[in-house]
Amino acid sequence: MPRLVIDDREIEVPEGTKVIEAAERLGIMIPRFCYHEALGAVGACRMCAVKFLQGPFKGVQMSCMIDAKDGMVVSTTDEEAVSFRKMVVEWLMLNHPHDCPVCDEGGQCLLQDETVSSGHGIRRFFGKKRTYRDQYLGPFIQHEMNRCIHCYRCSRYYQDFSGYRDLGPMQTANRIYFGRFTDGALESPFSGNLVDICPTGVYTDKTARFKLRRWDLQRAPSLCINCSLGCNTIANAHYRGVMRIEARLNREVNGYFICDSCRFGFLYANGGADNKQRPWNPRVKGKDVSVQNALKSASEKLAEIARASGPGAIASVGSARNSLETQCMLRRVCRTNKWPEPAFFVDLATYRKARGAVLGLDSGIAVSMREIEDADFVIVVGADPLNEAIRQAARKEAPVVVIDPRPVVMPLEFEHLAVAPDQLETCLGILVKKAVEKASKSLSQKATQFLLGLPSKQGNREIQFAVEALAGKLEASKRPVIVCGTDVVRESTPAFAVDCALLLKEAEKEPGIFFILPGADSFSSALLSGAEGRTFETILDEIENGSVKALLVVESDPFRDFRDRARLEPALSKLDLIVVIDYLPTGTVRRASIFYPSSTIFETGSTFISQEGRVQFAKKVHHGGVPIRGEQPPHVIRDFVPGGDHRPAWEILWEIAGERDAKTDDGVPGGPGTWIPAEHPAFEPINGLNYPVDGLRIAPGFSRDHFTSVATGTARSAKPKEFELLMVEWMFGTGELAACSDTLDSAVPDPVICLHAVDAEKLGLADGDMVSVQTGSGSIEARLSVSEKMARGVLILPRHRHLQWQKLKNALTVIPLNGIRKM
Ligand code: SF4
Ligand code: SF4
Ligand code: FES
């Protein structure tokens, strides 16, 4: 490892480390514009000049372009280097508009910082500045091209790192332009990262434009809870509203970047763009009441029902949207009050998939998102693979195969095996079987049995050939990773995926398994739901048979998630009491007898466990309340905060369940460390808030017997007589939080129903036709999207917020051919 001296301090760094990186390890930040850890170096800006005094290089050189070598002596403060950097700033400022007072980047601008720190204060050039025309880049990003300093970070991020092609450099030399061929919304669902990556104010957050200055903001490390990946963010609040979300570096999870759903999907916390959509006040029977009144009413009514009908008459529902604190408190109050255990999943199928996946994490081969990047073969089974980690693995030439019925689109080269859900396991099984057959002699007895049980044939010859061709590459790989979803797959698929990965391990590979779960805190939901899996469906049975009289709903919306509205409405009307605690304006909140507003992730410290078992903590950003609108807040003196009565859901539960009277060590629930570990042995390490910076990885602590799964699925007939209706999630438009974030509205595509081109032709339907899908429980209308890149025999219906998909009951809805009609 090379040893070198930078500013009189010695350091040893791994081979291949750039001098700019070596200096950073010593805490010396060499100025830079084009260099970025995630993108590497191109030597475009000349801002990182340092003086090499000894070693293989001499004189002023770019520290981002030179590898650290033994014997180097480097000075970052040498007069020649400092004056070089000062000149670079002056050159850049020849054309840069001195826009700072009206520029949204002001106060957080790298160029501004470097201009000030280099001492460039007086303009000596009086010529005309270069100007450009700005473009419309969609609802999220504002373009101001005059501010560009030609560092190429944006195009390297957008094209090389992310794989999209609709934004890049055009023209040459001094006229170079970074933008699109024509005005239009950026195609990448990761476009918001341009805001963070550009060192000047060319791309700024349009949703926050002219609303804030960095120094006005309350900022805190937070998390994204739109999905189970647990990306790290920085939340920025101002005047009681969340104003902006930025990416926060976590090398093991999201690296430097986040998706647009995470960055722009926070308006639910402000009550939408008009601040009116969030239920801000406690209510009893539809009337606003005081905090004490709501808590007292809920507490008294629950006690009354327990006295009259027994504690078993009180059922409770949480969700994967709850923080870990809330989930554990809900379970604790149910136990101490002898109420039945809470449900965290809507139906058994979702619970079983999540549970199967979580137990699979104890197989010793679970990988983090960052570790996927090191895979040399990636198999994606029934998962939305729009995931940066897979893209980074593909950039390192890992073959990627996606086994999924949907018309999958990814900004990378991949093999798509478009098969129906009952063929996902078959395809995975054949692929793994063919890849390990040669190593079968070295397998354990259980693994051999499992191998023998794997399928060898798939009904579709084309797919069979493709799988066999891929098996050779899988056989040659060393570090294959299986990424498995829990949405369109069968209940058995997660366990089967783990067994396939373990089989690869016995064939002397270093495989990884990675799951995508159905919600931010599905990991703990799956553990806290117990082996039997009490779900909302079970509770509904109990309501219907009259044994449950009161329902406590905590940050959960059965009216959104439960299929079969026709059953839900009459069942809930039988209840004597519905107590709802939430921060979203849900259908369940509207039906609450007693409602209490809970705090969002931005208003209380909360813990979430991502799909890989990574415990992460989001800090409180601000107290919150109805945001103050307008440029000048009114000067009103009050002794309360409008909309400020919310509390963390766990605290409300603690109060209404009478726990406040229970004897605790210090009379208050204390930190989460005091009650979380008691709810599940896997949570024992969670006994404080001092997690490592990348989060604390925990395991479920037990798993199922390996090599016991069997591939489900039979070969489908080539001429299906019916379609299987698959309801799926989309990047925008289907998420529960995103649905309450108006900013995302303009990015949400219209609802569609997808059908294979051959199937559509047989039915006499064409792309763009308005169609009606008839099922036994209702019909649904949407425009038809025809694709050749999806499975045959399935109808794909995104759970779009503007479609009443809950009308279509049953987990597997089978639609007869004549059930699809042109309108
Ligand atoms: S990009 Fe930076 S330096 Fe340029 S006008 Fe904006 S704040 Fe000022
Ligand atoms: S637009 Fe920003 S990131 Fe792109 S080259 Fe210009 S200054 Fe660099
Ligand atoms: S950071 Fe080294 S040349 Fe730009």
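The paragraphs that follow treat the ligand shells, a helix pair and the cavities.

This is a predicted model, in which local features need pLDDT of at least 70, side-chain atom pairs count only at pLDDT 80 or more, and totals for chains, interfaces and linings use all residues. Residues are numbered from 1 along each chain as its sequence is written, ligands are numbered from 1 in the order in which they are written, and side-chain values use heavy atoms without hydrogens and water.

Around ligand 1 (a heavy atom within 4 Å) lie residues including His-96, Cys-100, Cys-103, Cys-109 and Arg-147. This shell divides into 4 nonpolar, 5 polar and 3 charged residues; Ala, Val, Leu, Ile, Met, Phe, Trp, Tyr, Cys and Pro count as nonpolar, Asp, Glu, Lys and Arg as charged, and the others, Gly among them, as polar. The residues around ligand 2 include Cys-148, Cys-151, Cys-154 and Cys-198, and its shell has 10 nonpolar, 1 polar and 1 charged residues.

Helix α12 (residues 424-436) packs against helix α15 (residues 493-506) at about 5 degrees, with the axes 10 Å apart. The two helices are therefore roughly parallel, a term for angles under 35 degrees.

The largest cavity holds about 120 Å³. Of its 18 lining residues (an atom within 4 Å of a point), Ser-323, Glu-555, Ser-599, Thr-604 and Ser-606 are the closest to its centre.

Note on methods: Axes fitted to C-alpha atoms, helices over the stretch in contact; angles between N-to-C directions. Helix = DSSP H or I, 4+ residues; strand = E, 2+ residues; numbered from the N terminus. Parallel < 35°, antiparallel > 145°, perpendicular 65-115°, else oblique. 1 Å grid on protein atoms, 1.4 Å probe; cavity = no way out; pocket = protein on both sides within 12 Å on 5 of 7 lines; lining within 4 Å. Points joined across faces, edges and corners; volume = space filled by probe spheres on them.
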